[in-house]
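Please read the following report beside the model, taking each heading as a separate local topic.

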Amino acid sequence: MNYYAAPVRDMRFVLEELLSHRSLALPGFEDASPDLIEAVLEEAAKLANDVWAPLNDVGDKQGTQRHEDGSITTAPGFAEAYQAYADGGWNGIGVSEGLGGQNLPEVVASAVQEMLHGANMALGLCPMLTAGAIEAIAHHGSEEQKALYLPKLVEGTWTGTMNLTEPQAGSDLSRVRTKAVPEGDHYRISGQKIYITWGEHDVAENIIHLVLARKPDAPEGNKGISLFLVPKYVVNADGSLGERNDVTSASIEHKLGIHGSPTCTLSFGEKDGAIGYRVGEEGRGLNHMFTMMNEARHKVGVQGIGVAERACQHAAAYANDRTQGRSPRSGKADCAISDHLDVRRMLLSMRARTDALRALALTCAAEMDSVRHAASAAERDNAQTRVDLLIPVIKSFSTDQAVEIASLGIQVHGGMGYVEETGAAQLLRDARIAPIYEGTNGIQALDLAGRKLQRDNGAALSELLDDVAATSEQLKAQPALAQLGEALAAGNQDLRAAMAVVLEQGQAAGADAVQAYATPFLNLAGHLLCAWQMGEAALKAQAALDQGSDDPFYPRKLACAEYVIHQWLPAGRAQRAVIEAGTQCLHAFDAQI
């Protein structure tokens with residue numbers, strides 16, 4: 001069933017009212033306007049709603065087919081849907097004009113990405129990986145590599161992949177064993193990579209693999225790893241395609257979800273070795289790959305929000321159609337189950353959390369625009385500090401919540417949610433991968449509580465919490481919103497107190513101690529920052545109502561804000577008690593039992 005309509009109204013609220021289109025004021029976006037952004041969102045919604053979304057169920061049921069020669073056929077309609085995306089220029093929406101893109105702000109590109117992932121997560125993974133490849137080559141590739149590969153990647157004629165994981169090297173990439181042997185102006189790559197998303201397919205004419213490997217004489221550990229570009233078809237100097245490279249799909253994974261996305265084991269060098277070209281500096285491959293991964297982590301968070309949005313719509317459609325019992329509101333029999341307060345609790349919880357997550361992710365994307373386009377180095381540096389802080393929260397918290405929201409969607413359906421007929425189960429199965437790939441959510445929590453918090457003794461987070469405090473004061477200044485302000489302020493104090501504990505433990509006992517506190521700390525931070533965004537939303541919604549607006553969007557937004565701050569934030573605030581309770585039980589636990 002196709003219960004998906006891109007949430008253009010809420011996206012416009014975030015861009016126009018919460019963020020006041022601040023990205024458009026940055027240097028480089030002079031040709032963009034609010035009217036243009038609105039038109040872009042509307043056109044993207046048509047592609048998502050009419051072309052991509054109807055194939056979500058098809059991809060889940062049909063999956064992908066691998067043939068004896070290693071080639072892969074995607075689900076019916078996928079190739080055509082991807083071509084419609086590429087033909088529309090959507091692949092270059094957030095890419096600079098200098099690289100052949102449309103030069104629109106990242107905050108707009110992120111909104112479009114959410115639509116595509118909500119419409120069809122499995123298909124959306126293909127351009128998501130390509131965007132990361134573009135970023136890595138643009139930042140670290142040679143001028144020749146940029147000229148040869150970026151135009152086709154930007155227009156979507158070619159797609160990109162990220163090749164990190166090996167059977168013996170999961171999160172610990174220092175154990176990568178894929179070899180790169182120098183041969184003239186290129187290298188011969190041999191080895192195996194697993195879990196390669198869209199590693200082989202039939203939707204584009206070439207695939208550009210970015211591969212972590214090490215030279216035979218490279219030192220052990222991370223410093224011995226370099227980054228290599230390995231095309232499916234070798235590219236001639238004039239940009240035409242040459243011979244098929246020595247890289248094949250050895251198998252595809254049979255997964256819990258995202259069945260329409262071919263997840264491959266790729267074998268490099270079964271014959272003479274795959275031809276590859278080093279990208280960037282020797283021995284800095286992991287650093288260069290993180291350019292790609294940081295972009296991808298934000299996009300995975302956005303991906304989770306897209307699936308959560310679809311789960312919201314799916315559940316609401318069912319709850320408004322399914323009749324059962326007596327209405328507690330009207331007293332009538334055979335009411336829609338959306339009349340029952342417990343069902344309304346679930347629907348509001350899903351909707352409010354999804355809206356809050358979207359606002360936070362787009363706020364981060366606006367900071368990414370400042371990193372790239374702000375006039376002064378100081379502004380760019382400040383924005384980068386905030387992006388570094390927010391990305392692990394966006395990736396981890398959004399995807400964890402997406403799983404919970406999709407699970408609640410099944411609960412709204414009751415027994416019909418547990419069977420495949422309604423499509424609710426697919427959303428949970430699809431969403432479940434997002435907390436795992438692009439760095440597990442435990443790693444994201446360690447990044448926040450360890451690296452990001454400890455490196456400046458909490459200065460960046462303290463500055464962000466000052467903004468939260470300012471919002472709480474604005475809320476307290478308005479009688480209708482004062483209680484929201486009080487609750488937000490209390491949550492702010494909880495996070496400051498938890499931060500003090502984590503900093504103290506990090507300084508006294510080191511990284512191993514921080515590890516035990518990391519996940520509850522990120523959980524508390526995610527709840528508070530989402531509540532902050534909904535506090536901002538409440539201020540805007542109340543102002544619109546005070547000015548006489550009769551748009552029903554604003555009362556709904558106020559209801560969502562009240563839910564997030566009064567009923568959801570307390571669950572996050574409880575993590576302070578978890579942190580303050582200490583970690584002795586973890587040390588005492590015998591994992592062999």
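## The contacts of Asp 334

In this predicted model, Asp 334 is in contact with Thr 323, Gln 324 and Gly 325 once its neighbours within four places in sequence are left aside. Asp 334 belongs to the loop that runs between helix H8 (285–321) and helix H9 (341–373). The C-alpha atoms of Asp 334 and Thr 323 are 5.2 Å apart in space, while the two residues are 11 residues apart in sequence. With a relative accessible area of 58%, Asp 334 is exposed, because the cut-off for that class is over 50%.

## Helix H9 against helix H5

Helix H9 also takes part in a helix–helix contact, in which the axes of H5 and H9 come within 7 Å and cross at roughly 145°. On the side of H5 the residues are Glu 106, Val 107, Ser 110, Ala 111 and Glu 114, and they meet Arg 358, Leu 362, Ala 365, Ala 366, Met 368, Asp 369 and Arg 372 in H9. Sorted by class, this contact has six nonpolar, one polar and five charged residues.

## The buried face of helix H4

Helix H4 (residues 78–87) has Phe 78, Ala 81, Tyr 82, Tyr 85 and Ala 86 as buried residues. Viewed down the axis of H4, these buried residues fall within an arc of 140°, so they line one face of the helix. The face turned away from that buried side carries Glu 80 and Asp 87, both of them exposed.

The cover over the buried residues of H4 is made by several elements, including H2, helix H3 (56–62), helix H5 (106–119), helix H6 (121–140), helix H7 (143–155) and strand E3 (158–163). Just after H4, Gly 89 takes a positive phi of about 75°.

## Positive phi values

Most residues other than glycine have a negative phi, and against that background two residues deserve attention. Phi of His 21 is near 50°, which is positive although the residue is not glycine, and His 21 sits in the loop between helix H1 (8–18) and helix H2 (34–52). Phi of Tyr 195, likewise a residue other than glycine, is near 60°, and Tyr 195 lies in strand E5 (residues 186–197).

Strand E8 (residues 233–235) and strand E9 (residues 241–244) pair in the antiparallel sense over two bridges, and Tyr 233 stands opposite Arg 244 in E9.

A search of the whole structure finds eight aromatic pairs. One of them joins Phe 13 and Tyr 554 in an edge-to-face arrangement, with 6.4 Å centre to centre and 65° between the planes. This pair links distant parts of the chain, since Phe 13 is in helix H1 and Tyr 554 is in helix H17 (residues 553–580), 541 residues apart.

Phe 13 has 1% relative accessibility and counts as buried, and Tyr 554 counts as buried too, at 8% relative accessibility. Together with Phe 553, these two residues form one aromatic cluster.

## Two further buried positions

Gln 533 is found in helix H16 (residues 511–546), and at 4% relative accessibility this residue counts as buried. Not counting residues up to four places away in sequence, Gln 533 touches Leu 18, Ala 356, Ala 359, Leu 360 and Thr 363.

Gly 221 is placed in the loop between strand E6 (206–213) and strand E7 (226–231). Its relative accessible area is 19%, and Gly 221 is therefore buried, the cut-off being under 20%. Leaving aside neighbours within four places in sequence, Gly 221 is in contact with Ser 174 and Arg 214. Gly 221 and Ala 509 are 288 residues apart in sequence, and their C-alpha atoms are 25 Å apart in space.

Definitions and conventions: Residues are numbered from 1 along each chain as its sequence is written. This is a predicted model: local features need pLDDT of at least 70, side-chain atom pairs count only at pLDDT 80 or more; totals for chains, interfaces and linings use all residues. Side-chain values use heavy atoms; hydrogens and water are left out. Two strands pair if DSSP finds at least two bridges between them. Helices (H or I, at least four residues) and strands (E, at least two) are DSSP runs, numbered from the N terminus. Buried means under 20% relative accessible area, exposed over 50%, partly exposed in between (1.4 Å probe, protein chains only). The arc is that of the directions from the helix axis to the C-beta atoms. Contact means heavy atoms within 4.5 Å. Axes are lines fitted to C-alpha atoms, for helices over the stretch in contact, and angles run from 0 to 180 degrees between N-to-C directions. Ala, Val, Leu, Ile, Met, Phe, Trp, Tyr, Cys and Pro count as nonpolar, Asp, Glu, Lys and Arg as charged, and the others, Gly among them, as polar. Rings of Phe, Tyr and Trp (its six-membered ring) pair if their centres lie within 6.5 Å; planes under 30 degrees apart count as stacked, over 60 as edge-to-face and the rest as tilted.
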